[in-house]
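Thanks for coming, everyone. I'll walk you through one structure today, from the overall picture down to a few side chains.

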Amino acid sequence: MDTIEALVAQIQGLSGSAEEISQLQSYLKQSEETLRLHSTALASFFHQLDPSKHSLGYLYFLEAFTSTPISKEQANELVLLIVRFINSCHAEQISLAPDKFIYVCKRLKDHVMLLEAPIRGVAALLTAIRKLQPSSEHLTCLHPDFLLLCILSKCYKAGLRLLEDDIFEIDQPRDLFLYCYYGSMICIGLKKFQKALELLHNVVTAPMSSLNAIAVEAYKKYILVSLIHHGQFSTSFPKYTSSAAQRNLKNFTQPYLDLAGTYSTGKYYELEAFVQSNKDRFDADNNLGLVKQVVSSMYKRNIQRLTQTYLTLSLEDIANAVQLNSPKEAEMHVLKMIQDGEIYATINQKDGMVRFLEDPEQYKTFEMIEHIDSSIQRIMALSKKLTAIDECMSCDPLYLAKVGRERHRFDFDDFEGVPQRFNI
């Protein structure tokens, strides 16, 4: 115990200047084995350290303390301790030991799940991500854990705020797969189906040498969300999709592809019968709720098809055409679609006639011009970013060496775009 007390004294005395902290880091690295040997006794020393001033030393203590198994009763106190540290710690100090900080944050996630209170870790993990990130464009190992807690606690809006960041830098491919997959589930929960499709598309088309379970589950949801949002699904893959995904994904998702085929017929009762016969399979995949939304969306798609053929139609004819039980039910569907901006129509209550209209948007309002301008600005910024990444890759010796190995000889005409500062 005298050794731990001496270590506490060192932490208190060497947490000032950058030079002192660097010296402290070396001392802490040498003391890791000692901390692990006395991990169960470290609880009595935390009150002697200030997480805002002694962040690096506090982190080493906390990492050792959380490395031992604990009971559900002890987990509550440990959660409070970790949350206090995350909220108070100094970002520059924890950046000296990012792996330990990530480990502690992941233990927080484990403990709140053990306590069946995932909401207790949401705010703390978001704070941890911001302190760990070099910039908002960087995907950390904590992003998937944060989104998972948002899903389990149904804090979808908290997760959505993080998903609004444009990601350009990734440490581990698995983090990207989980980030996009969990992110899509949050967007589905908020009915933001277009954003969900973008995230699922990223999972399905991401580079992979062999098929993984995350991509398979993402493809299942991609099919379902495409049917809900677009009313159709294309089985063809973009050319940049990995060969592993193109060869194998369809083999693991055949019931979902069959569902899309049945949906394309526009026959509600056939779709309902298919879903009923495959209910156990969809339920086992935890996709039954989405499948039911697919079934419900067929009414909407069939009504939209009618707008392409007719200018006016009675509610009774709509009910018969889309296989609804009554004109009143057809009226409710039409009103909901008008409210959501999915069709443009008016209903004459006297004679029960629906008149379908053209899109009234003239694209000249101030709000629309502002929206178009912001989209253009974002595209321009993205173009500059892609140009910078392309230039960086074209100067990367590892990339050029790989290109060289894949060719019998260099054709230097292919490298005209390489900046002059790089000497081939």
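How many helices and how many strands are there in the protein? There are 22 helices and five strands. Keep in mind that this is a predicted model.

Let's take the overall dimensions. The C-alpha trace spans about 90 × 65 × 50 Å along its principal axes. The radius of gyration is 28 Å. A compact globule of 424 residues would come in near 22 Å.

Of the 424 residues, 44% count as buried. The protein exposes about 23600 Å². Carbon and sulfur atoms supply 52% of that area. What about contacts along the chain? Take those with a separation of 6 or more: residues 24 or more positions apart account for 65% of them.

Now charges. The protein has 44 positive and 51 negative side chains. The centres of these two sets lie 3 Å apart.

Some of those charges pair up. How many salt bridges does the structure hold? It holds 18. I'll show you a few.

Start with Lys 220. One of its partners is Glu 217, and the closest N and O atoms are 3.2 Å apart. Where do these two sit? Both are in helix α13, which covers residues 213-230. They are three residues apart, so about one helical turn separates them. Is Lys 220 buried or exposed? Lys 220 is buried, with a relative accessible area of 5%. Glu 217 is partly exposed, at 24% relative accessibility.

Lys 220 also meets Asp 285 in a salt bridge, at 3.3 Å from N to O. This pair links distant parts of the chain. Lys 220 is in helix α13, while Asp 285 is in the loop between α17 (279-284) and α18 (288-307). They are 65 residues apart. Asp 285 counts as buried, because its relative accessibility is 15% and the cut-off is under 20%.

Lys 109 forms a salt bridge with Asp 110, with 3.7 Å between the closest N and O atoms. Lys 109 is buried, with a relative accessible area of 16%. Asp 110 is partly exposed, at 33%.

Last topic: the backbone. Most residues other than glycine have a negative phi. Lys 191 has a phi near 65°, a positive value, and Lys 191 is not a glycine. Where is Lys 191 placed? It is in the loop between α11 (173-189) and α12 (193-205).

The second residue is Asn 286. Its phi is positive, about 60°, although Asn 286 is not a glycine. Asn 286 is in the loop between α17 and α18. Is Asn 286 buried or exposed? Asn 286 is exposed, with a relative accessible area of 67%. Asp 285, remember, counts as buried.

The protein has 22 helices and five strands. Its radius of gyration is 28 Å. And Lys 220 forms salt bridges with Glu 217 and with Asp 285.

Note on methods: Residues are numbered from 1 along each chain as its sequence is written. This is a predicted model: local features need pLDDT of at least 70, side-chain atom pairs count only at pLDDT 80 or more; totals for chains, interfaces and linings use all residues. Side-chain values use heavy atoms; hydrogens and water are left out. A salt bridge is a side-chain nitrogen of Lys or Arg within 4 Å of a carboxyl oxygen of Asp or Glu. Buried means under 20% relative accessible area, exposed over 50%, partly exposed in between (1.4 Å probe, protein chains only). Helices (H or I, at least four residues) and strands (E, at least two) are DSSP runs, numbered from the N terminus. The radius of gyration is taken over C-alpha atoms; the globule rule is 2.2 Å times the number of residues to the power 0.38. Contact means heavy atoms within 4.5 Å. Accessible areas come from the Shrake-Rupley method with a 1.4 Å probe; for residues, only the protein chains shown count as cover. Lys and Arg count as positive and Asp and Glu as negative; His and the chain ends are not counted. The place of a charge is taken as NZ of Lys, CZ of Arg, CG of Asp or CD of Glu.
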